[in-house]
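I opened this notebook to record what I looked up, one topic at a time. The entries follow in the order in which I made them.

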Amino acid sequence: MADIYEDKKLIGKLTARIASALRHPLTIMEVCGTHTMSIAASGLRSLLPPELRLISGPGCPVCVTDSSLISAALALARLPRVTLTTFGDMLRVPAGEQSLQYLREQGADVRLVLSPLDALELAQQEQERQVVFFAVGFETTAPLTASTLELARELDLPNFSVLSAHKTMPAALRSLLGGGARVDGLLCPGHVAAVTGADNFDFVSRELGLPAAVAGFTPVEILLAVAAIVEMSAAGEAKLVNCYKRAVKPEGNPAAREIMERVFLPCDARWRGLGDLPGSGLAIRPEFAAFDAGKRFAAEIAAAPVYRDDPDCRCGQVLRGDISPRQCPLFGAACTPQHPCGACMVSSEGSCAAAYRYGEGSL
Amino acid sequence: MNDCITLAHGEGGRLYRELVEQVFLPAFDNVALNELGDSAVCPAFGDRLALTTDSFVVRPRFFPGGDIGRLAVSGTVNDLAVSGAQPLYLTCAMILEAGLPIDELRRICDSMAASARDAGVAVVTGDTKVVEKGACDGIFINTAGVGLFRREPLPQKIRPGDVILVSGSVGDHGLAVLAAREKLDFRPQLESDAAPLNGLIDALLQAVPETRALRDATRGGLTAVANEWAETSGVTVAIEETAVPVRPQVRSACQLLGLDPLHAANEGKVVAAVPERFADAALAALRKHPLGKDAAIIGRAESGPPRAVLITSIGARRILALPEGEQLPRIC
């Protein structure tokens, strides 16, 4: 594959540049599941100096979904008239001893979709079913959920609704990095920035004083952003640089933001491991209440049991970058991808799953 | 949850292996079984007879590139062929759900017959049971197969320095069935590679009788084969990511769904290990056959701890771990 984004010579030059610029041990956090996966799958860590730590923050939308919301989705999936649709790796996230996957094996009507539009289509095809889309994701997937809700209202579909677990990244970062997380630099998520605009991450350098770089997802693009952060750190600078200009504009994608604003309102949201973060969630606006599964099935959700996480699970500290996955007492013993206790082990984007599968590059 | 069988137990990953080691082996313990080969070499017949069986429960029953009938024949034929035996006779047992259209059953049988002709085997006996609606999913098929060893059974042990080849692109079947099952509309359409491999394997073994080991990369894909060889032969199996053939449409579908083509199932691909000096001859023999025209050398065995590693596209090495249970598309 002659791909410049995986070019070995270029990678060699970049790793040499990083090694020579590195003055002292440095911890860089990424907050995007696709970064986690690309770093783990390419074995990138093994090419970097050991004094440079790359850690994963709360960038996997599945991982940060709190068990109270999973409990609500489980309650809906148990209703005989409901078809619950969601993205693939949401199925395995545990809440107590249950998961959507478990309910599916027991006969509940839980289906995988690649897009909320697939769920909408399903609602049109199976009009006797109540089709609920369990929506997770950051600014990357929220615009699509928003446009699906607008379409549902236009079509006046009585049997389609959305359970929103959507969240926004900047509010979480502000709370995480402002709260004294031990991080020296931030790889900003390229997909989120393509919607919000690179400027939206300006506060990381201006307010929090951390060097930051918007990064693409190939090994070369990740290394470019890491090199920029290491060089800024060596020079004592804290700026935001955009290393993913082929996709990210300073102003982002205004059309996507507008549609999100038409359909969603910022709300307080509970993040697994991070707790309640003001203004970090996306609630469905009252104008769309008829399509809000949280409202349509409010009584059923309220009556259902709320499952709690394993008290020994350290997903929270892993998500904050306080500990590496291996430092969790459950890692690899009680908690494995086959029997995950916490969400970080469930999603293939989760930092614990990546560490378990790929050995954190420790060959 | 793990006190009961879950779907993940059937996916050929770690859970499946636990089931074999903790339930089946202790119960049935005997010399022929304990080898855990794709086929059993039955000692009472002077090590000349190979016996295997496989059940087929695929949903949907028809998918681009194949159907449950083609799988039922090629799966069993391939299990015999990779052990080095020549497949001869198959049995066919069917469990039918009341309500299955007879026309559909006829199409499945026609497909089985066509695949059997391709493979040069005969379906010589069978059994039919019908269960009430809801007790099975349309049709479940079991086939058993017997074959004869015309040569010594393959050692199925690989050594440091051995070269590893695959007979063509990986992941075609797994992605085609996933796309058909979840109604994911990919263009161009993904097609299963289901095919009997005995002709291809025969060509390889005639050209390179020194072949050390063969596996058909079914559940768990290439990753499962690499891990199994590492463990049973006590070597490091190093696979070169960029050398593994993957069709562009399979690669894109995997990227979109967050899956790894190396973990995805194949039903018409053989993985071979040969001593280094026979690598070119093996590659040429595979490529000469229509089912092996995209064959490639993809890695080698090294002396080292028993594990599978991937040399990634950027030249880094990482562990190539067994897939964990059911492969699900991830979100972004």
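I took helices (H or I, at least four residues) and strands (E, at least two) as DSSP runs, numbered from the N terminus. The model is predicted: local features need pLDDT of at least 70, side-chain atom pairs count only at pLDDT 80 or more, and totals for chains, interfaces and linings use all residues. Residues are numbered from 1 along each chain as its sequence is written, while chains are lettered from A and ligands numbered from 1 in the order in which they are written.

**Entry 1: a helix of chain A**

I looked up α10(A), residues 219–234, and found 16 residues reaching 22 Å from first to last C-alpha. That is close to the 22 Å expected at 1.5 Å a residue, where the expected span is 1.5 Å times one less than the number of residues. Just after α10(A), Gly236(A) takes a positive phi of about 70°.

I then checked burial (buried: 20 or more other C-beta atoms within 10 Å of the residue's own; exposed: 12 or fewer; partly exposed in between; C-beta atoms placed from the backbone). In α10(A), 14 of the 16 residues are buried.

**Entry 2: the core**

A nonpolar core is a set of buried Ala, Val, Leu, Ile, Met, Phe, Trp, Tyr and Cys residues joined through C-beta atoms within 7 Å. Which residues touch the most other members of the largest one? I found Ala73(A), Leu76(A), Ala213(A) and Leu165(B), in a core of 221 residues. α10(A) gives the most to this core, with 11 residues.

I listed contacts (C-beta atoms, placed from the backbone, within 7 Å) for Leu76(A). Leaving out residues up to four places away in sequence, its partners include Val82(A), Leu163(A) and Phe297(A).

**Entry 3: a sheet of chain A**

Strands pair if DSSP finds at least two bridges between them. I traced an open sheet of four strands in chain A, ordered β4-β3-β5-β6, with parallel pairing. β4(A) (110–112) and β6(A) (160–164) stand at the edges with a single partner strand each, so one side of each has no neighbour in the sheet.

Three bridges join β3(A), residues 82–86, to β4(A). Thr85(A) stands opposite Arg111(A) in β4(A).

**Entry 4: chain B**

I counted nine helices and 14 strands in chain B. The radius of gyration, taken over C-alpha atoms, is compared with a globule rule of 2.2 Å times the number of residues to the power 0.38. For 332 residues a compact globule would have a value near 20 Å, and chain B agrees with 19 Å. Of its 332 residues, 51% count as buried.

Terms used. Contact = placed C-beta atoms within 7 Å.
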